[in-house]
Amino acid sequence: MNLWCTLMYLSRIEEKMLSGEYGEAIQLAMKILVKVGESLGAERLVEVNHVHISGVSYSNIGDPGLRFIEKLAEIGGSFRVFTTVNPTCIDLFGKTDIFSKDLIAGQMRIISALEKMGAEPTYTCIPYSIRKPLPNEHLAWGESNAVAMANSYYGARTNREGGPLTIASALTGRTYYAGLHILENRDVKYRVKIEYKVVDEAEASILGLYIGDKINGIPLVENAETWNFYMIKEFLASAAATGNHALIVLDNITPRDTYIIGHSIENILIDQREIKNLYNKYSSTPDISGKTLVYIGCPHLSVGELRHVANMISKYESVKENVFFLITVPYSFTSEIERYVEILRSKGVIVAYGTCPIVSKFKDKPDKVLTNSGKALFYLSKLHGLEVSLLGLKDIIRRVMTQ
Ligand code: F3S
């Protein structure tokens, strides 16, 4: 007998899922979705085409998270929809020992349970490079930068989900119909004019940190069409780090029928002085005299971005002695990036697959970090207590490579 009642409208198949006819794992997942949906006022569920599971790092979720995922696999959980997975806390090809070895066993158990349920072994925070979202397509994605890209760049519809909820969506192929799944909730509140030229991904990051921190509600950012893809990616990742932003409309980029312009829009002007102040607040003076970690690849680099970095680095001799130069990429990129990885490794650069330092634990903490990512800057200073400086890729390479 099904003792679980809901006021939410459920289709016949969803009712069967909730009553346990499709097994214990799907029933548990459906209960989670219905409970969350009800608390958010959702009247129904919606089918999703792609789930991206976040919160899979053993360093972050520990044994309770591991037990939850393993239990779902043990009771017969099986994903009903295309499902990609966020980075783990270990280098999945084991070529670098920068991260703590204590995490390997727990992380491998999480991976094995997820893959048993049918997850694609992607281990990346750029799931849009594995499968491009379509405008107005419903998704259930975790990982704040990916969610911001899905909504803002591709015009898809997803809320910013937590790890357990993404797993529930993978098991049922559904999410609750509320928040950014509804067009009326995608209404622009602010028009943001940037009164200076944003020149690289580090500047785009700072602007993102600023907008994330200062603006509540959906902004429309003008002139972003003059930025390259890498700048957009770093901008959105940074805004999603300091704020709850899951959708930032990019004028002339975000597909027009995926958002609405609200009635009373407030104009906001951002000048370079404000950004300079914020830069001073977040970023320390670049100094690579001590044991320094250079980190590129937050969010993970795409194939084209890695090619670009490899071409730039190929003109130099090697990485300076006191510098540990780390680049992170998706686990699922292998043959297509092999030759760029070879070039980078020949110059002393470490390429780690399926991981990142923010969701992992350093074996030995560096004295300083130099990065081109506002998101990495924010979390490495906030969560790991490190001294972090932000510079554009070109400047970083010039400083840390020998001729
Ligand atoms: Fe990805 Fe780690 Fe940055 S998960 S977005 S590289 S914090």
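**Exercises on a predicted model**

By class, seven nonpolar, two polar and two charged residues form the shell around the ligand, where Ala, Val, Leu, Ile, Met, Phe, Trp, Tyr, Cys and Pro count as nonpolar, Asp, Glu, Lys and Arg as charged, and the others, Gly among them, as polar. The model is predicted, so local features need pLDDT of at least 70 and side-chain atom pairs count only at pLDDT 80 or more, while totals for chains, interfaces and linings use all residues. Residues are numbered from 1 along each chain as its sequence is written, and side-chain values use heavy atoms, with hydrogens and water left out.

**Exercise 1.** Find which residues surround the ligand.

Solution. Begin with the rule that a residue is near a molecule if one of its heavy atoms lies within 4 Å of it. The residues that surround the ligand are Pro87, Cys125, Glu143, Asn145, Tyr295, Gly297, Cys298, Pro299, Cys356, Ile358 and Lys375.

**Exercise 2.** Describe how helix α7 and helix α8 are placed.

Solution. Two packed helices are described by the angle between their axes and the distance between the axes. The axes of α7 (residues 201–214) and α8 (residues 229–242) come within 7 Å and cross at roughly 30 degrees, the axes being lines fitted to C-alpha atoms over the stretch in contact, with angles from 0 to 180 degrees between N-to-C directions. Therefore α7 is roughly parallel to α8, a term for angles under 35 degrees.

Key: Helices (H or I, at least four residues) and strands (E, at least two) are DSSP runs, numbered from the N terminus. Angles under 35 degrees count as roughly parallel, over 145 as roughly antiparallel, 65 to 115 as roughly perpendicular and the rest as oblique.
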